[in-house]
Amino acid sequence: MTATTAILSAAELMSELAGSRPPVLLDIRWQLGGPDQRPAYEAGHLPGAVYVDLDRELAGPAGSGGRHPLPDPEAFGAVMRRAGVSADVPVVVYDGGQGWSAARAWWLLRWTGHEDVRVLDGGLAAWTSAGGDVSADRVSPAEGDFKPTPGAIGLLDADGAAARARAGVLLDARAGERYRGEVEPIDPVGGHIPGALSAPTAENTGPDGRFLPADALRARFAALGATGDTPVGVYCGSGVSGAHEVLALEVAGIASDLYAGSWSEWCADPERPVATGPNPE
């Protein structure tokens, strides 16, 4: 997938929906620790969009594998088929505007082999700002035929993340204060994987939630040593905002691998080393 096809604007989506090959739309609104977003979806969504629940359908049960471990591929495939996803039909995913949960769906579909999936840049907020309609209609799509084939893009486990920090670039997508171990509001241990570099996801977008231009993203990641010449890995708290950073790297034209278990898996094992402070080690 090229950098130009990882995301699309509201205007581009409007054009595609009016064309001969409209994409399947998935609404992935979600808030970390917040209320269920299905009522918000039912109150108004992009016409034809199907709601997908991140906690229940884009993740497996929380445990030693982290707060949002990857879902069982077959279960994920069943969810996607119920949502109308087919292998040869484009898919566009969106959320409320932050982009994190939409990126999680984007990454999962790409990892399981779907070749034409994009994120609506700026999400629902960008859609309505561009004059797009919303609907409260119940959506009942025809069953899709998507069958997941995991491994289409890179995935790291804990050992792989540690190795990437030593021989490559490992980016920590959480807020800087969590990376430094100054505060940890979610996981039991603060700090970061030794050798990882702080690269907060929030710095990939502007105030409107839309991605910075590709040139600006390339410059940002180049300053961290991620130029595409060295293998790049990304992690976050539980594999959600990290997927957004993988998407930002994709927009910049840089391939990267996601450590899906992320910090919540890493720190669950007391034998794994932890670094604190502003420096990688």
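Ala-260 sits in the loop that runs between strand S10 (257–259) and H11. Helices (H or I, at least four residues) and strands (E, at least two) are DSSP runs, numbered from the N terminus. The model is predicted: local features need pLDDT of at least 70, side-chain atom pairs count only at pLDDT 80 or more, and totals for chains, interfaces and linings use all residues. Residues are numbered from 1 along each chain as its sequence is written, and side-chain values use heavy atoms, with hydrogens and water left out.

With a relative accessible area of 4%, Ala-260 is buried; buried means under 20% relative accessible area, exposed over 50%, and partly exposed in between (1.4 Å probe, protein chains only). Leaving aside neighbours within four places in sequence, Ala-260 is in contact with His-68, Leu-70, Leu-155, Leu-156, Ser-238 and Gly-239, where contact means heavy atoms within 4.5 Å. Ala-260 and Pro-73 are 187 residues apart in sequence, and their C-alpha atoms are 14 Å apart in space.

Ser-262 belongs to helix H11 (residues 262–266). Its relative accessible area is 0%, so Ser-262 is buried. Ser-262 is not a glycine, yet it has a positive phi of about 55 degrees. Most residues other than glycine have a negative phi.

## Nonpolar cores

A nonpolar core is a set of buried Ala, Val, Leu, Ile, Met, Phe, Trp, Tyr and Cys residues joined through side-chain atoms within 4.5 Å. The largest one here has 50 residues, and those with the most contacts inside it are Leu-26, Leu-58, Met-80, Val-93, Leu-109 and Phe-221. Helix H5 (residues 100–111) gives the most to this core, with eight residues. A second, separate core has 14 residues, including Leu-156, Ala-165, Tyr-179 and Trp-263. In soluble globular proteins, nonpolar side chains tend to be buried together.

Leu-58 is in contact with Ile-28, Val-52, Asp-53, Pro-69, Pro-71, Phe-76, Met-80, Arg-104, Ala-105 and Leu-108, leaving aside its neighbours within four places in sequence.

## Glu-57

Glu-57 lies in helix H3 (residues 54–57). Its relative accessible area is 21%, so Glu-57 is partly exposed. Not counting residues up to four places away in sequence, Glu-57 touches Tyr-51, Val-52, Pro-71, Phe-76, Val-79 and Arg-82. Its C-alpha atom is separated by 9.6 Å from that of Ala-78, 21 residues apart along the chain.

## Packing against H10

Helix H9 (residues 214–223) packs on helix H10 (residues 241–251) at an angle of about 115 degrees, with their axes 8 Å apart. Therefore H9 is roughly perpendicular to H10. Axes are lines fitted to C-alpha atoms, for helices over the stretch in contact, and angles run from 0 to 180 degrees between N-to-C directions. Angles under 35 degrees count as roughly parallel, over 145 as roughly antiparallel, 65 to 115 as roughly perpendicular and the rest as oblique. On the H9 side the contact is made by Ala-214, Leu-217, Arg-218, Arg-220 and Phe-221, and on the H10 side by Glu-245, Ala-248, Leu-249 and Val-251. By class, this contact of H9 with H10 has six nonpolar, no polar and three charged residues. Here Ala, Val, Leu, Ile, Met, Phe, Trp, Tyr, Cys and Pro count as nonpolar, Asp, Glu, Lys and Arg as charged, and the others, Gly among them, as polar.

The axes of H5 and H10 come within 7 Å and cross at roughly 75 degrees, so H5 is roughly perpendicular to H10. From H5, Trp-100, Ala-103, Arg-104, Trp-106 and Trp-107 meet Ser-241, Ala-243, His-244, Val-246, Leu-247 and Glu-250 of H10. By class, the contact of H5 with H10 has seven nonpolar, two polar and two charged residues.

Gly-132 lies in the loop between helix H6 (123–129) and strand S6 (155–156). Gly-132 counts as buried, at 15% relative accessibility. It touches Met-14 and Trp-127, not counting residues up to four places away in sequence. The C-alpha atoms of Gly-132 and Leu-46 are separated by 7.9 Å, with the two residues 86 apart along the chain.

Pro-280 lies in the segment after H11 and counts as partly exposed, at 26% relative accessibility. Leaving aside neighbours within four places in sequence, Pro-280 is in contact with Tyr-179, His-192, Ile-193, Pro-194, Gly-195, Ala-196, Leu-197 and Ala-275.
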